[in-house]
Amino acid sequence: MDSGVATDAGVTDAGAPITVLVQASLFWSDAGVVDDPTVVSFAKLMRLASHDDHGGRLLSDWFHRFSTTPHSERALPAQFIDEVARSQGADATRWDLSRLPFVITGIHNRIDLALLEAGGHCGEFRVSAASTDATLQPFHMLFLFRQPLEPDDTVNGRVTCEGTARRWARLSTLSGAALDAELRSTFAQRLTREHFLLIETVEQSLSPWEWRQWVKTPSTSGLPFVFENPPLFQQLDVERLNVAGPLRTDFLSWVTTNAALAATRQLPIADRFRPQSIRAASGVPRQVLSLTGLDAQVQTQFPQLRPQLELVGCAACHMTDADFVQTRADRTISPFYAKELDARARHLEKLARGDAPSAPFGPLQSMPVLPQ
Ligand code: HEC
């Protein structure tokens with residue numbers, strides 16, 4: 001009999017492989033967890049993002065920044081935060097952030113983003129939040145935290161993330177109070193200032209929809225750091241790249257050189273082709289990347305090149321089987337995200353066995369079809 005053998009990679013005590021359950025190991029949105037401020041809250045996320053364990057001043061600076069960035073100016077977040085100052089006082093360090101109209105919409109385990117190489121990591125842990133304010137609407141935020149490598153994530157000198165994966169997978173063998181207790185302690189370990197990475201936003205406070213990332217940048221404003229927009233991760237600046245000129249010429253030759261990697265979504269998009277924000281309108285066809293003029297042989301050899309280059313970016317992915325938002329304010333999820341979670345469950349099972357390949361950029365599910 002196998003029962004009683006030491007618990008091994010990705011198997012239960014009895015030796016059977018663990019079937020990962022999304023609701024135990026990958027995504028949580030039940031009110032008992034996400035509405036419990038001892039677990040997570042918008043105020044707690046701002047505390048963790050800030051240097052002063054409060055975050056009021058950082059939030060004020062951040063929301064004002066929406067209206068002053070040269071690449072895109074949006075007034076509503078600034079107006080919203082000015083209203084907070086009027087009702088709670090000018091000193092943002094004294095604001096009660098728990099009174100702000102933001103709800104947590106979900107907690108997301110992104111171990112699928114693991115970087116399986118020396119000096120790598122075990123992906124991210126994310127919390128999404130949405131505004132319930134009548135005016136600042138729709139407005140979604142995503143707080144990203146690093147899942148660092150633990151000692152048992154490297155086996156025989158190879159980074160596999162299997163220790164971390166096993167701990168996540170084992171949650172799928174628990175239920176009820178045991179699962180609840182384990183989740184609370186796991187989340188507490190994950191949500192720390194040390195592991196905070198950055199914030200992402202998708203919002204339509206002004207039409208069209210817009211995506212941005214917000215990274216900590218040193219500041220002379222009296223705060224040690226504020227949030228600024230870096231070039232968006234893996235997002236092509238379609239509007240600029242579609243226009244004939246030196247940038248487009250450079251882009252087409254870069255695609256030609258890197259076509260094999262781009263077609264399998266393994267190509268990091270070079271900084272110079274990425275915008276600091278990207279927009280897409282609801283109800284009108286999106287602007288499609290043009291590869292006209294690309295070497296005909298490359299086009300024939302890699303027919304999926306264009307959709308693959310688009311799918312790794314914010315806008316196309318949030319419009320594929322999703323209506324701009326993946327985890328909605330009412331905590332339901334897009335069809336895209338539901339399929340993604342199934343793919344992530346199978347991927348986590350492989351990680352826990354120590355035999356997962358590195359995931360490509362963009363979707364984990366096989367070949368989602370872009371809207372035209
Ligand atoms: C692979 C497709 C994909 C890409 C590319 C992508 N997202 Fe998302 N996004 C998701 C999914 C799925 C979620 C749900 C949480 C998760 O899985 O991390 C999400 C969640 C979010 C949320 C929380 C609100 C919501 O829609 O659920 C924000 C904000 C967000 N993404 C912004 C961005 C930004 C900014 C970029 C580009 C830098 C980006 N996303 C790129 C799929 C994608």
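Colleague: Helices are DSSP runs of H or I with at least four residues and strands are runs of E with at least two, numbered from the N terminus. What kind of model is this?

Modeller: It is a predicted model, in which local features need pLDDT of at least 70 and side-chain atom pairs pLDDT 80 or more, while totals for chains, interfaces and linings use all residues. Residues are numbered from 1 along each chain as its sequence is written, and side-chain values use heavy atoms, without hydrogens or water.

Colleague: How many residues surround the ligand?

Modeller: The count is 27, with Arg126, Cys314, Cys317, His318 and Thr327 the closest; a residue is near if one of its heavy atoms lies within 4 Å.

Colleague: And what is the protein donor of the iron atom?

Modeller: His318, through NE2 at 2.1 Å, is the only protein donor of the ligand's iron. Donors are N, O and S atoms within 2.8 Å of the metal (3.2 Å for Na, K and Ca), and with water not among the atoms a site may look incomplete. His318 is in the loop between H13 and H14.

Colleague: Which polar atom lies 2.7 Å from a ligand oxygen?

Modeller: A side-chain one of Arg126. A polar backbone atom of Thr327 is also 2.7 Å from a ligand oxygen, and a side-chain N or O atom of Arg344 is 2.8 Å from one. The cut-off for a polar contact is a pair of N or O atoms within 3.5 Å.

Colleague: Which pocket is the space taken by the ligand?

Modeller: The largest pocket, counting a molecule as sitting there if more than half of its atoms lie within 2 Å of the grid points. A pocket is an open set of points on a 1 Å grid over the protein atoms alone, where a 1.4 Å probe fits, with protein on both sides within 12 Å along at least five of seven lines; lining residues have an atom within 4 Å of a point.

Colleague: How much space lies in the largest pocket?

Modeller: About 1300 Å³, as the space filled by probe spheres set on the points. It is lined by 47 residues, and Arg110, Leu113, Arg126, Glu200 and Phe233 are the closest to its centre.

Colleague: Which elements supply at least two residues of that lining?

Modeller: S2, S3 (124–131), S4, S7, S8, H13 and H14.

Colleague: What about the second largest pocket, how much space lies there?

Modeller: About 430 Å³. Of its 24 lining residues, Val238, Glu239, Ile278, Arg279 and Gln287 are the closest to the centre.

Conventions:
Polar contact = N/O pair within 3.5 Å; in protein donor to acceptor, adjacent residues only side chain to side chain.
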